[in-house]
Amino acid sequence: MSTEETATIYGREEFKRVDVGAAMRDGHPDISDGDQLIVDLVAKKRETAGRPLTVIDVGSGSGVLSELLAQRLPDCRVIANEIAANPARQARERLAGHPNAEVFPDSFVDWREPLDIIISWGSHHHLPHSHLQHARELLGESGSFILGDEFCPEYCTDEDVRRLKGAEVIELGGGYLLAGHDEIEAYAKDAAVPEWSRVLEDRRRRTLWNWYKFVIDYAIERDHWPVAIAEMQITKDDMVTAFEEEHKLSPLIVEHELAVNGFEQISKHVIGDRPAELQSFFIYEFVPGNDRSNGSNGDGRGNGGH
Ligand SMILES: C[S@@+](CC[C@H](N)C(=O)[O-])C[C@H]1O[C@@H](n2cnc3c(N)ncnc32)[C@H](O)[C@@H]1O
């Protein structure tokens with residue numbers, strides 16, 4: 001396969017002249033509402049801290065959210081972190097008029113300075129999952145991790161949740177969810193995939209298909225063909241089990257992933273007043289848990305309202 005075929009849409013030639021971030025705020029449900037919620041959360045933290053904060057926007061794309069933050073909180077240092085050249089250039093242009101805002105164009109794992117707030121908005125399902133340990137190390141005692149994403153609407157049954165909670169570690173192997181060291185070792189040894197993981201993956205794809213149909217119809221109803229076409233490409237990427245750079249998981253799976261990586265959940269917000277099968281955008285606040293030695297702090301569920 002060529003590099004083009006293996007890239008997400010952010011690295012593809014056909015999207016080079018498109019400001020994907022701006023287009024998505026126009027033709028895609030929930031993203032602008034999520035921007036406002038995140039800016040409000042950060043503003044509240046700035047107020048509580050009583051001092052300017054250092055905030056990174058990991059996988060900032062063209063910097064739409066970073067700019068909103070810089071406008072609302074001009075005394076805070078806002079870092080738009082984006083590895084793809086085209087959106088990083090767009091973010092630089094967008095932030096040019098904001099003296100306390102900057103672009104960090106390398107991978108998030110190469111950022112070394114301490115941070116007050118780490119925001120991951122629409123990026124979690126693109127990032128190597130090892131980034132969570134890095135995030136935890138960069139946050140001080142009072143630091144927060146704001147994770148908002150387009151998830152696959154919930155597809156876990158009660159039985160899946162029981163199985164997840166029993167796993168001290170979870171990982172993807174060829175796109176299949178592996179729960180626990182035994183499953184991870186068996187996959188590494190001879191690519192063994194448990195039947196449970198195959199059934200879960202089938203349910204993920206079907207749930208996603210329903211969500212993407214809604215998103216693409218939403219764009220077409222608004223005559224927003226660039227978003228509709230981008231989403232058709234993203235749909236294909238996401239349906240290919242082994243393509244882990246575009247792999248939306250369910251909220252409960254990601255909550256457990258954060259818990260086993262030592263984060264405590266403070267709040268959970270859902271965007272969009274729709275039935276559960278069309279609820280994809282969730283925004284969470286996490287803090288590093290107390291036990292920093294082994295990255296584990298229980299199930300990580302907080303009481304935050306929707
Ligand atoms: C869906 S986009 C996020 C959209 C953006 N947050 C917004 O508000 O418009 C995910 C972005 O993460 C970037 N990305 C992927 N891996 C990264 C990494 N290791 N470090 C920083 N950015 C990364 C991709 O290039 C892509 O632009």
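**Ground rules.** The model is predicted, so I keep in mind that local features need pLDDT of at least 70 and side-chain atom pairs count only at pLDDT 80 or more, while totals for chains, interfaces and linings use all residues. Residues are numbered from 1 along each chain as its sequence is written, and side-chain values use heavy atoms, with hydrogens and water left out. Helices (H or I, at least four residues) and strands (E, at least two) are DSSP runs, numbered from the N terminus.

**Sheet.** I traced an open sheet of seven strands with mixed pairing, in the order E3-E2-E1-E4-E5-E9-E8; two strands pair if DSSP finds at least two bridges between them. E3 (101-104) and E8 (263-270) are at the edges with a single partner strand each, so one side of each has no neighbour in the sheet. The twist averages 20° from one strand to the next. In the sheet I also looked at E5 (residues 139-150) and E9 (residues 281-288), which run antiparallel and are joined by six bridges. Gly 148 sits opposite Ile 283 in E9. Helix H5 (residues 85-95) packs on the sheet, touching E2 (77-81) and E3, and its direction makes about 170° with that of E3. Contact means heavy atoms within 4.5 Å; axes are lines fitted to C-alpha atoms, for helices over the stretch in contact, and angles run from 0 to 180 degrees between N-to-C directions.

**H2 against H10.** How do H2 (residues 20-27) and H10 (residues 225-239) pack? I get an angle of about 105°, with the axes 10 Å apart. That makes the two helices roughly perpendicular (the class covers 65 to 115 degrees). Ala 23, Met 24 and Gly 27 of H2 meet Val 227, Ala 230, Glu 231 and Ile 234 of H10. By type, the contact has five nonpolar residues, one polar and one charged (Ala, Val, Leu, Ile, Met, Phe, Trp, Tyr, Cys and Pro count as nonpolar, Asp, Glu, Lys and Arg as charged, the others, Gly among them, as polar).

**H9.** This helix (residues 195-221) has 27 residues and reaches 39 Å from first C-alpha to last, close to the 39 Å expected (1.5 Å times one less than its number of residues). Its buried residues include Trp 196, Trp 211 and Tyr 212, and also Glu 201 and Arg 204 (buried is under 20% relative accessible area, with a 1.4 Å probe and protein chains only). After H9 comes Asp 223, with a positive phi near 55°.

**Ala 43.** I found Ala 43 in helix H3 (residues 31-49). Its relative accessibility is 12%, so Ala 43 counts as buried. Beyond neighbours within four places in sequence, Ala 43 is in contact with Arg 72 and Leu 73. Arg 72 is 29 residues from Ala 43 in sequence and 7.6 Å in space, C-alpha to C-alpha.

Technical notes. Buried means under 20% relative accessible area, exposed over 50%, partly exposed in between (1.4 Å probe, protein chains only). Angles under 35 degrees count as roughly parallel, over 145 as roughly antiparallel, 65 to 115 as roughly perpendicular and the rest as oblique.
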